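Reader: I want to learn how to read helix packing, domain contacts and salt bridges in a model. Can you take me through them?

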Amino acid sequence: MKERTLKYYTYRYLLIAVLIIIAIWAASFYWLIIKEVYDTIDKSLNNSKNRIIANAKIDTDILNTREFGIGNFMITPLPGEDYSENIHIYSTQVNIGKLGNEYPARMLQTIFHINNQYFQLEVYASTLEDDEFLQNLLLSLIVLYFSIVISIIFINYFVLDKALRPFYAILKKLKIYRIDKSNNYLSVQSPIKEFNELDVELYGMTQRNEKIYNYQKDFIGNAAHELQTPLSIISNKIELLMEDENISFSIAEKINEVYLAVYRLKNLNKSLLTLAKISSGQFPEKKLIHFNPLIHSIVENLTELSDFKTAHIQIIENGNFDFSMNEELAHILIFNLIKNAVTHSEKQTVIKILIEKNSIYIQNPGKQKLDEQMIFKRFYKNNQSKSSTGLGLSIVETIIQLYPALSIQYQYQDKHIFALRKRK
Amino acid sequence: MKILIVEDEIELQNTIKDSLEKSDFIVETASDYSEGIEKTVSFEYDCILLDIMLPDGSGLKLLEELKAMKREEAVIIVSAKDSLDDKIDGLNLGADDYMTKPFHLAELTARVKAAIRRKNNHGVNFLSWKNLQLDPDNRTAKVDGKDIELNRKEFDLLYYFISNPNRVITKVSIAEYVWGDHTEDADSLDFIYSQIKNLRKKLQQFESDANIKSVYGIGYKFS
């Protein structure tokens with residue numbers, strides 16, 4: 001089904017209805033007036049006929065009127081007998097006088113007899129003025145028709161526009177509404193009851209959803225927090241067990257497998273805690289961060305890891321990227337991005353970090369495009385990273401969400417490119 | 001040296017106790033705030049490990065009491081909460097260090113030793129093992145009085161080993177101690193091996209008697 005705007009939809013039907021109804025009304029009106037006008041003329045023609053015949057019976061001179069004269073009638077004697085004396089009225093053109101001009105007229109034609117002599121009587125009435133009147137009427141009707149239609153459309157346009165304004169305001173609010181930013185649905189006041197109701201309901205809904213969302217967020221945070229102590233006990237017990245000199249190599253290997261699994265669990269839990277902390281606003285402090293030295297120090301810290309991966313990290317500085325944000329978060333943000341590039345690099349590759357005044361690009365070669373819809377989602381993993389937590393980029397996105405002036409984007413141009421930009 | 005663990009999780013308390021005893025500390029434990037107060041009033045320790053959340057009070061409160069008594073013990077706060085506020089509060093109240101659960105036992109030992117060393121102003125401010133000597137303040141290392149050139153990571157690595165002699169130190173724990181959280185990916189733990197190899201080479205080159213032995217592929221033992 002094709003989508004139409006509410007206004008378009010309303011107008012279409014309104015316009016069709018108005019055009020047809022007013023056209024029918026105007027046509028009927030016009031038709032009635034014409035009928036009335038001709039009725040009046042025909043009646044007066046009938047009167048004239050009656051008068052002429054009555055007068056002709058008294059004054060036979062009248063019977064000799066062979067041409068249309070002042071009296072607008074003409075009598076023609078008819079040979080023979082037995083004519084129908086019906087009255088016949090019709091519209092025609094009449095020649096009057098010697099000028100030979102033709103004028104529109106109504107013509108009454110009848111037959112009467114005096115002493116067995118039949119005569120044809122033709123009486124006419126000029127309709128020149130009446131036709132002009134009818135023409136003017138038609139013109140006025142057309143003008144009236146269009147003015148009414150246009151007025152109705154305009155009035156509707158403005159009324160509808162004004163009436164729907166709160167609706168569009170509500171729609172706009174909903175578009176920018178994000179559940180993870182609390183209280184950002186602001187009420188829209190309107191003089192229309194239905195829209196106020198809609199607004200109140202929407203506000204209530206956002207409040208309920210935010211409550212549930214926050215509850216779940218807290219739940220994840222609390223659950224992760226509660227897991228810290230048991231995880232501590234497990235991993236520390238394993239560490240003690242590993243020192244036991246009585247265990248065999250095969251047992252030690254199995255213990256190590258358990259230990260590494262617990263290690264993953266610890267990292268996962270730590271990442272979840274970090275996510276919970278970031279989204280619950282536990283990093284409020286801000287200061288101007290110089291990203292260039294930050295990137296250098298992180299790259300230096302990762303050198304052993306990248307050397308081990310035989311990946312080379314190259315930093316190209318075309319400008320200084322400075323941004324005011326939380327120091328710890330800035331570190332986590334850049335660290336996770338670079339770490340991600342190093343972890344997913346194949347051997348003998350070059351990771352390029354390009355720093356500009358308003359953007360930072362982190363590129364690493366890769367054969368396959370990643371799903372940009374999924375890449376920042378929690379626990380999204382492509383097949384090659386079986387032991388990573390799948391939360392690194394999700395943390396990146398959560399940090400970005402805290403700072404509306406920053407954006408992060410993934411592109412693929414024969415290599416993976418993560419672009420961190422300042423919004424203009 | 002004597003250590004007091006104030007921790008309500010008995011299992012964790014036991015584990016820490018076992019581990020520290022392996023490193024030749026004398027360990028006493030307290031399971032709640034009142035027991036903690038009782039023990040600190042009656043005895044003297046070199047270091048106190050303090051959990052913040054105790055069933056009958058806060059570890060921070062206990063720390064305040066200690067400071068009010070002008071006690072000189074090194075205090076390390078051990079918390080399940082990785083909260084910056086708690087950390088700042090704890091350090092402002094005079095704690096020497098702050099550790100977040102879960103931690104590695106080897107790291108705890110290293111931190112306990114460091115805290116005690118900083119507290120004792122006996123002038124002996126270096127760690128030694130056999131003919132190897134480490135000065136943590138100046139970050140220098142010597143074998144038989146001769147300086148060894150070590151980079152920052154190699155020094156950290158050696159410091160971690162010398163704090164935990166004759167103990168099995170897991171690769172994970174080494175990675176986290178020396179490279180921070182940078183080694184989330186367990187697959188890449190193998191890179192620790194190349195680092196250890198370099199350090200071993202340097203120790204041999206300077207004829208140190210200290211030895212780094214691989215244990216099953218789980219980790220290493222410094223002896």
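Reader: Which residues of helix H2 of chain B are buried?

Author: First, the terms. Buried means under 20% relative accessible area, exposed over 50%, partly exposed in between (1.4 Å probe, protein chains only). Helices (H or I, at least four residues) and strands (E, at least two) are DSSP runs, numbered from the N terminus. In helix H2 (residues 33–42) of chain B, the buried residues are B:Tyr33, B:Gly36, B:Lys39 and B:Thr40. They cover an arc of only 130° around the axis, so they sit on the same side of H2(B). That arc is taken from the directions from the helix axis to the C-beta atoms. B:Glu38 and B:Val41 are exposed on the other side.

This is a predicted model: local features need pLDDT of at least 70, side-chain atom pairs count only at pLDDT 80 or more, and totals for chains, interfaces and linings use all residues. Residues are numbered from 1 along each chain as its sequence is written, chains are lettered from A and ligands numbered from 1 in the order written, and side-chain values use heavy atoms, without hydrogens and water.

Reader: What do the buried residues of H2(B) pack against?

Author: Contact means heavy atoms within 4.5 Å. The partners in chain B include strand E1 (2–6), strand E2 (26–30) and helix H3 (59–68).

Reader: Which residue forms a salt bridge with B:Lys39?

Author: A salt bridge is a side-chain nitrogen of Lys or Arg within 4 Å of a carboxyl oxygen of Asp or Glu. B:Lys39 pairs with B:Glu35, with the closest N and O atoms 3.7 Å apart. An α-helix has 3.6 residues a turn, so residues three or four places apart point the same way. B:Lys39 and B:Glu35 are 4 residues apart in helix H2 of chain B, about one helical turn. B:Glu35 is partly exposed, at 26% relative accessible area.

Reader: How is chain B divided into domains?

Author: The bounds come from an automatic or database domain assignment. They give domain 1 (2–119) and domain 2 (127–222). The two C-alpha centres lie 26 Å apart. The contact takes 11 residues from domain 1 of chain B and 14 residues from domain 2 of chain B.

Reader: How many salt bridges cross that interface?

Author: The rule finds 1. B:Asp137 forms a salt bridge with B:Arg117, the closest N and O atoms being 3.9 Å apart.
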